[in-house]
Amino acid sequence: MASNEERIIKVYQAGELTVVGFDGRDVLDDVNVATFKTEIADVVRDNDCRVLAVDLTGVKLVPSGLLGLLASLRELVSEVHLYNPSPDVREVLEITRLDQIMPIHEVEL
């Protein structure tokens, strides 16, 4: 597993409720979705995670590959919650109906 400095994601809290995010950075189109999924799967497995919270603070746009990945996270954990999406990201989540299967929250994590 990559060290926290080499990861795409940052783990803010680990355990049954695990909080991951992008450390306030935007997600680029060239982000390797397979690497991202592997990182998430490692974190979920290593921490016996049941609820995954994804902090979207600072993410302005969501590449299509990342949308598919977000949808597939439900295969890894019981619940996925999304926090602090920008207005543009929230709109995409609504259009794709991901907001119907992943609760969206506006709070400081």
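The buried residues of helix H1 (33-46) in this predicted model are Phe-36, Glu-39, Ile-40, Asp-42, Val-43 and Val-44. Buried means under 20% relative accessible area, exposed over 50%, and partly exposed in between, with a 1.4 Å probe and protein chains only. Helices (H or I, at least four residues) and strands (E, at least two) are DSSP runs, numbered from the N terminus. The cover over the buried residues of H1 includes strand E1 (10-13), strand E2 (17-21), E3 and H2.

H1 has 14 residues. From its first C-alpha to its last, H1 reaches 20 Å, close to the 20 Å expected at 1.5 Å a residue; the expected span is 1.5 Å times one less than the number of residues. After H1 comes Asp-48, whose phi is positive, near 50°.

Residues are numbered from 1 along each chain as its sequence is written. Local features need pLDDT of at least 70 and side-chain atom pairs count only at pLDDT 80 or more, while totals for chains, interfaces and linings use all residues, and side-chain values use heavy atoms, with hydrogens and water left out.

Helix H2 covers residues 64-72, and its buried residues are Leu-66, Leu-67, Leu-69, Leu-70 and Ser-72. Among the elements that cover these buried residues are helix H1, strand E3 (51-55), E4 and H3. H2 is in turn among the elements that cover the buried residues of H1.

The loop between strand E4 (79-83) and helix H3 (87-95) holds Ser-86, and Asn-84 lies in the loop between E4 and H3 as well. Ser-86 counts as buried because its relative accessibility is 18%. Its side chain reaches the backbone oxygen of Val-59 at 3.4 Å. A polar contact is a pair of N or O atoms within 3.5 Å; within protein, one must be able to donate a hydrogen and the other to accept it, and residues adjacent in sequence count only if both atoms are side-chain atoms. Leaving aside neighbours within four places in sequence, Ser-86 is in contact (heavy atoms within 4.5 Å) with Val-59 and Lys-60.

Most residues other than glycine have a negative phi. Asn-84, a residue other than glycine, has a positive phi, near 60°. Asn-84 is buried because its relative accessible area is 17%. Beyond H3, in the loop between H3 and strand E5 (104-105), lies Arg-97. Phi of Arg-97 is positive too, near 65°. Arg-97 is exposed because its relative accessible area is 60%.
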